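Student: I am new to this structure and would be grateful for a careful, connected account of one part of it.

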Amino acid sequence: MKNTTEDTTEVRISKMQNLLDSGLNAYPDRYECTHTIGELKGLEEGITASMAGRVLSVRRFGKLMFVTIGNAINRGQISLKKNELEEDDFNLFMNSVDLGDFVGVYGQRYTTKKGEPTLGVKKWTFLSKSLRPLPDKYHGIKDSEARLKQRYLSTCTDSEVADIYIKRAKLKQVLRSFLEKHHFIEIDTPAIQIQKSGALARSFKTHHNALDIDAELRIAPETYLKRALVGGFERVYEIATCFRNEGMSLAHWPEFHMLEFYAAYWNFEDLINFTEIMLKHVIDTIVGNNKIIYQEQEIDFSGDWPRLSFRELLIEKADIDINAFPTIEGLRAEIINRNLLDAKTIANLGRGSLIDELYKKTARPSIINPTFLVGHPIELSPLARNNDNDASIVDRFQLVVNGWEVVNAYSELADPIEQRKRFEVQAAAVQSGDENALDIDEDFLLALEHGMPPAAGWGMGIERILALLTDSSNIKDTIMFPIHR
RNA sequence: GGGUCGUUAGCUCAGUCGGUAGAGCACCGGACUUUUAAUCCGUUGGUCGUGCGUUCGAUUCGCACACGACCCA
């Protein structure tokens, strides 16, 4: 009779009235659980237990009901038999409990004829009323908008969705314990900063009322973690929420989490070795295998991960040797001549950005298995230590997987005089309208001028690696509650 | 910002070569003590995204807009 959303809610409110009329509370205080739903299967036959959960499905047979109750992780079956309950109790459940309600049940563990571990309910109590229906039991939520806006509906009915967030928690825990084992300590650095720093990106701008000063949400924790190095901490890390006011894509989200760590007395070569050991451990712990399937493509993390320079990669993938075109004009002409990039989009790029653009278009998408990319142009890396043999590149690497930059790391620039020069180049770019560029960061320079040990630093996007490990096609799906209009 | 596709019952979707619409599930009522997408019987439920245009008549055709997904920048 009733079937619009509003009517469904009315029906459920009237059922709630049944409960109240029977002297039950529709939203009681607590329930004493001796076990979780997940423990039901492992219980010995005949053991009595109490547990609680959301009603996910009901199968009625007149004087018998099988009910599935569950949470994000587990579900289990309970049965209610008319002759084993007070008659009013049985009828009250039948007439008042809807899919989505929470109930607490006490009874005895037994196994049904079909072999399903089941709690035979002796007593039940009502724990919370759901006034709206759960998603379709078979199709789930197809509406992509609702799937994002009401993630709680997916996680309480779809264990594959819930599993992403369980793996997310596990991933952070594994990363933390690995780093702690290697004597890194976790530092909390400011998310609200006076001046953006640590990456080339657009920021979210805000205002600090108490100080009456404009501020920015951090785009990276880098320069503060380096201040900690200056302060005498030799190994530091942070899982930092970062904010970049830029486009959204399958691999980009404006609010994301980045693990960064810094080790004094290491260089980027040390980090390459450390990265391989750490990520192999992490992947094995989370996935249980060093080969994963991502969107039907195998990604192989076993074996030694190859190391390629920008130059080697571009010779291989685009058949162009950047060293044969030392000037920006020559390189640009060759790229346009070969029709590798659109002439308009590269008209104002410097040589480093041009090489980067070329790499992103022609080479990066085809890198599927983990690959260390080295030899980054200096102008893309204003905080990285310059290479001692080649002034045009820095001691930096990226780990590329599935065409995505997963890790970015480099030997840190400790020289405050060189750092100032790099900032000056950046500041000039800001003046000419580059919103990604950095201003001169006097506060950070002041720290460097007090002396920072040689060090190497490392960063990885949590959502990206998680998307790979959970076979999520879109980075959004790794975020439980992504912002929406 | 550009392109493609989409928007029909609470949910998942059909459909109407232009004559105001159907199924399954859910809901509601009934039968049922071994189901697990339970089954069976019977009801109920729709401004067909919004606006304008063409037409005797538009959910259907056209245009614009909104919202969403995907691709590209």
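Student: To begin, what percentage of the residues in chain A is buried? After that, please look closely at helix α14 and the segment after it.

Tutor: This is a predicted model, in which local features need pLDDT of at least 70 and side-chain atom pairs count only at pLDDT 80 or more, while totals for chains, interfaces and linings use all residues. Residues are numbered from 1 along each chain as its sequence is written, chains are lettered from A and ligands numbered from 1 in the order in which they are written, and side-chain values use heavy atoms, with hydrogens and water left out.

Of the 485 residues in chain A, 47% are buried; buried means under 20% relative accessible area, exposed means over 50%, and partly exposed lies in between, with a 1.4 Å probe and protein chains only. Chain A holds 14 helices and 18 strands, where helices (H or I, at least four residues) and strands (E, at least two) are DSSP runs numbered from the N terminus. Its C-alpha trace spans about 90 × 55 × 45 Å along the principal axes. Among contacts between residues at least 6 apart in sequence, 64% join residues at least 24 apart, a contact being heavy atoms within 4.5 Å.

Now to the part you named. Helix α14 covers residues 462–469. Eight of its eight residues are buried, so α14 is largely enclosed by the rest of the structure. The buried residues are Ile-462, Glu-463, Arg-464, Ile-465, Leu-466, Ala-467, Leu-468 and Leu-469. Just after α14, Asp-471 takes a positive phi of about 55°.

Ser-472 is found in the segment after α14, and its relative accessibility of 4% makes it buried too.

The axes of α12 (residues 416–431) and α13 (residues 442–449) come within 9 Å and cross at roughly 160°; axes are lines fitted to C-alpha atoms, for helices over the stretch in contact, and angles run from 0 to 180 degrees between N-to-C directions. The two helices are therefore roughly antiparallel, since angles over 145 degrees count as roughly antiparallel, under 35 as roughly parallel, 65 to 115 as roughly perpendicular and the rest as oblique. In the contact, Pro-416, Gln-419, Arg-420 and Phe-423 of α12 meet Glu-442, Phe-444, Leu-445, Leu-448 and Glu-449 of α13. By class, this contact has five nonpolar, one polar and three charged residues; Ala, Val, Leu, Ile, Met, Phe, Trp, Tyr, Cys and Pro count as nonpolar, Asp, Glu, Lys and Arg as charged, and the others, Gly among them, as polar.

Lys-421 also lies in α12, and at 49% relative accessibility Lys-421 is partly exposed. Lys-421 and Pro-382 are 39 residues apart in sequence, with their C-alpha atoms 9.2 Å apart in space.

Finally, the cysteines. The count comes to zero disulfides, a disulfide being a pair of cysteine sulfur atoms within 2.5 Å. The sulfur of Cys-33 is 17 Å from the closest cysteine sulfur, in Cys-156, which is too far for a bond. Cys-33 is partly exposed, with a relative accessible area of 37%, whereas Cys-242 is buried at 0%.
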